[in-house]
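Hi everyone, thanks for making time for this.

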Amino acid sequence: MKVILFFVGHWFFSLFFQTFFLHRYAAHGMFKMSKFWERTFYILTYISQGSSFLNPRAYAIMHRMHHAYSDTPADPHSPVTSKTLPKMVLSMVGVYEKYLKRREEPPKEFVGGYPEWPILDKMADLWWPRIIWGTAYSLFYIYFATEWWM
């Protein structure tokens, strides 16, 4: 039962922080937060997403581009321009990485208004914290699983 509760809780919090912090706050700027609350939600998003943490800046830029260029060749994740799901995902990852690593500057209309925390962003993008998160999740499930399918 603990495994199922953990899974549901982890899934819920990951979705909540994706929606609340990354989507509504970082990408759309639907509300304002003090620096304290912004950092609090930044950390909680990192904790809840763990190995799949999405950088708020790169996410916001990509999502804004998606709205501006929906279903055109400039849309970073459009099923119209990508013929298969793997091609769409690879294209999206390429755009995300480009803005995450600052290899290319996005068009000016998509810049600014999103939270940035360079130290956490740099650490979160390293391979070893992602391995640690994945290992921690796996060990939790292995330890508390009462059946093989868990």
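Before I point at anything, a word on naming: helices (H or I, at least four residues) and strands (E, at least two) are DSSP runs, numbered from the N terminus. Residue numbers start from 1 along each chain as its sequence is written, and side-chain values use heavy atoms, with hydrogens and water left out. Please keep in mind that this is a predicted model: local features need pLDDT of at least 70, side-chain atom pairs count only at pLDDT 80 or more, and totals for chains, interfaces and linings use all residues.

Let's begin with Arg102, which sits in the loop between α4 and α5. Its phi is near 60 degrees, a positive value in a residue other than glycine. Most residues other than glycine have a negative phi. Asp71, in the loop between α3 and α4, also has a phi near 60 degrees.

How accessible are these two? I'll call a residue buried under 20% relative accessible area, exposed over 50%, and partly exposed in between, with a 1.4 Å probe and protein chains only. Arg102 is partly exposed at 44%, and Asp71 is partly exposed at 42%.

Now to the charges. A salt bridge here is a side-chain nitrogen of Lys or Arg within 4 Å of a carboxyl oxygen of Asp or Glu. By that rule, there are 6 salt bridges. One of them pairs Arg102 with Glu116, with the closest N and O atoms 2.3 Å apart. Both residues lie in the loop between α4 and α5, so this pair ties together parts that are 14 residues apart in sequence.

Glu116 has another partner: its side chain meets that of Arg57 in a salt bridge, 3.9 Å from N to O. Because Arg57 lies in helix α3 and Glu116 in the loop between α4 and α5, that pair ties together parts 59 residues apart in sequence.

Arg57 also forms a salt bridge with Glu105, at 3.8 Å between the closest N and O atoms. Here the pair links distant parts of the chain, 48 residues apart, from helix α3 (residues 56-68) to the loop between α4 (85-100) and α5 (118-124).

Glu116 is partly exposed, at 32%.

Salt bridges that share partners join Arg57, Arg102, Glu105 and Glu116 into one network.

On to the surface. Patches are made of residues with over 30% relative accessible area and no salt bridge: like charges are joined within 9 Å, nonpolar side chains (Val, Leu, Ile, Met, Phe, Trp, Tyr) within 5 Å. Accessible areas come from the Shrake-Rupley method with a 1.4 Å probe, and for residues, only the protein chains shown count as cover. One nonpolar patch has about 1400 Å² of accessible area together, and its members include Met1, Ile4, Trp11, Phe16, Trp148 and Trp149. Ile4 is in helix α1 (residues 2-27) and is partly exposed, at 37%.
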